[in-house]
Amino acid sequence: QDWDSAQRIAEAHDPASVPDVLVGQARVAFEAKEFGKAETFLLRAERPELAVKFYKDSGHWEDALRLTQEYLPHKLQQIQDEYESYLAATSRLVKVISFLNSWFYSVQYCGR
């Protein structure tokens with residue numbers, strides 16, 4: 001996609017749509033795992049909450065927390081709570097997998 005042209009046209013003819021162009025660029029950058037670039041686009045679009053969401057969705061919680069602290073301090077407790085829930089869920093999943101692996105190996109061992 002020709003983002004430079006899209007941005008020039010938006011700036012010249014519909015300045016209110018410039019943030020939409022930047023968000024589009026950010027989505028493409030996040031999909032390409034160019035996180036710093038995507039973050040820059042979203043901050044230029046004045047959409048830090050979307051950058052936080054993208055970071056959370058991709059498991060980059062440290063970056064989500066950093067941006068929240070810097071640009072959305074009123075939401076910091078909420079994001080910290082979400083992160084703690086994520087860690088707890090991840091810990092439970094690891095325990096279940098570990099149990100299943102142990103069970104599988106014991107069944108396999110006993111079956112011989």
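Contact here means heavy atoms within 4.5 Å. The model is a predicted one, and by that cut-off P48, A51, V52, Y55 and K56 in α4 meet W61, D63, A64, R66, L67, T68 and Y71 in α5. Sorted by class, the contact of α4 with α5 comes out at eight nonpolar, one polar and three charged residues.

How are two packed helices described? For α4 (residues 48-57) and α5 (residues 61-71), the axes come within 8 Å and cross at roughly 160°. Angles over 145 degrees count as roughly antiparallel, so α4 is roughly antiparallel to α5. As for handedness, the crossing of α4 and α5 is left-handed.

Several of the α4 residues that meet α5 turn up again on the buried list: P48, L50, A51, V52, F54 and Y55 are buried in α4.

Now for the whole chain. It has six helices and zero strands, so from the N terminus on the elements simply run α-α-α-α-α-α. The radius of gyration is 21 Å, well over the 13 Å that the globule rule gives for 112 residues, so the chain is more spread out than a compact globule. Along its principal axes, the C-alpha trace spans about 75 × 35 × 15 Å. Of the 112 residues, 29% count as buried. Among contacts with a separation of 6 or more, 22% come from residues 24 or more positions apart.

How values were computed
Residues numbered from 1 in each chain as written. Predicted model: local features only at pLDDT ≥ 70, side-chain atom pairs only at ≥ 80, totals over all residues. Heavy atoms only, no water. Axes fitted to C-alpha atoms, helices over the stretch in contact; angles between N-to-C directions. Helix = DSSP H or I, 4+ residues; strand = E, 2+ residues; numbered from the N terminus. Parallel < 35°, antiparallel > 145°, perpendicular 65-115°, else oblique. Left-handed = near helix turned anticlockwise from the far one by under 90°. Nonpolar A, V, L, I, M, F, W, Y, C, P; charged D, E, K, R; others polar. Buried < 20%, exposed > 50% of the residue type's maximum accessible area, 1.4 Å probe, protein only. Rg over C-alpha atoms; globule rule 2.2 N^0.38 Å.
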